[in-house]
Amino acid sequence: MRRLHWTTILGLVAVWTTPASAQDITFGGQIRPRYEYRDPATGGTRDAFTSMRVRANLTAVLDRQVRVFIQVQDVRLFGEEENTLTDFSADNLDLHQGYIEIEAPTKQALRLRVGREELNLGGQRLVGAVGWTQQGRSFDGARVVAGAGNAAVNLFGYRLQQETAPTHDRDAVLVGAYGVIGTGSGAVEPYVVYNKTEGVPETDQGTLGVRVHGARSSIRYRVEGSLQVGTRSGQDVTAFMLGARIGTAVANGLGSVTFWYDYLSGDNDPADGEIKVFDTLFATNHKFYGFADLFLNIPAHTAGLGLQDVAVKGSIRPRDDFTANLDIHSFRTARRGTLTTKHLGEEIDLTFVHRYSTNLQASAGLAYIFQADGFSQIGRLSENMVWTYIMLNATF
């Protein structure tokens, strides 16, 4: 038995390292520890912790344009386990992505992907993988990508909840289409996203919109608008979102300055039977509304009153391996409701990124939030707040 055991192990090692197999199978991974400090945190206390993401992935290219991708991850806090001697369950280990991808043997791009995957639609205003979080986001379902010339479309359908699963008592789905039409200097991206949750109360909501972005000389721009209609939690919905930015290169191309404005509609009277507050669905809100993440869940984190964000963002890259960014936000609610003021406060974000090598990046950031009366009145922040982080990101 001992000889068979070691023979089996040696055989697996030989298969793993055979050059012929390496032509069809590739391996990759990531280790990303991050220290964070927040004052005040939830409950008004200070919080300091170190989290870590570890990912390992395998890509296998099969015959007839078939590819398989598998990615597992472990996400945990330092000190969550005193040590690993008594850990028999690997309870933080999960399948983050796992899918089969089939490409049609045609001149036009046509690809089918089935399984669990990340999805980033456009700028991730409505659907994104939330890469900043250690756990990230992925969906179970299928997606078709078709393209011809300067146009392409993503058709997707995901199962969010399954009634027959032990963790849910009703069904929920997310389906939609996202198009991209190239314009030479940019693109026009129309989309429709539909989310439905069965049961009582029922959600049957559609989000229609278009994103336009591009560049002219040294000027870069982006404009996006979305309209939400249908029902949400049993009530009629009419809500909208508008966003725009314009930026230009400075310092002989070593940096940039961008002016930014977002408006997410709010609801003055939540008891009138009609919802007017915009829902950001499955967005990567960390990218848009300040790095301190005070608005991750919209509309909940704005008390249903919507959000206005006026921002100026600056970036400087004095060397190829170093970038510094400064973002200044001013936040207001879209509607006042019962507040005495719409003014929530200001946030200053300062971040530094250093690429130590091709596969290792170090970054650090500091955010300071100047709390105004609006923040306190919606129950989000009763005093000024500081948040900082230091992170290493190694990939292979």
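The model is predicted, with local features needing pLDDT of at least 70 and side-chain atom pairs counting only at pLDDT 80 or more, while totals for chains, interfaces and linings use all residues. Residues are numbered from 1 along each chain as its sequence is written, and side-chain values use heavy atoms, with hydrogens and water left out.

Select residues 186–197, strand β9, and then residues 203–216, strand β10. Strands here are DSSP runs (E, at least two residues), numbered from the N terminus. β9 and β10 pair in the antiparallel sense over 12 bridges; two strands pair if DSSP finds at least two bridges between them. Pick Pro 190: its bridge partner in β10 is Val 210.

Now go to the hairpin of β9 and β10, where five residues lie between the strands. Gly 199 has a positive phi near 105° there.

From Val 210, step across to Gly 225, its bridge partner in β11. Two residues separate β10 and β11 in their hairpin, and Ser 217 in that turn has a positive phi of about 60°.

Last, select Arg 332, in strand β16 (residues 322–332). Leaving aside residues up to four places away in sequence, Arg 332 touches Gly 306, Leu 307, Gln 308, Lys 342, His 343 and Leu 344, where contact means heavy atoms within 4.5 Å.

Key:
Helix = DSSP H or I, 4+ residues; strand = E, 2+ residues; numbered from the N terminus.
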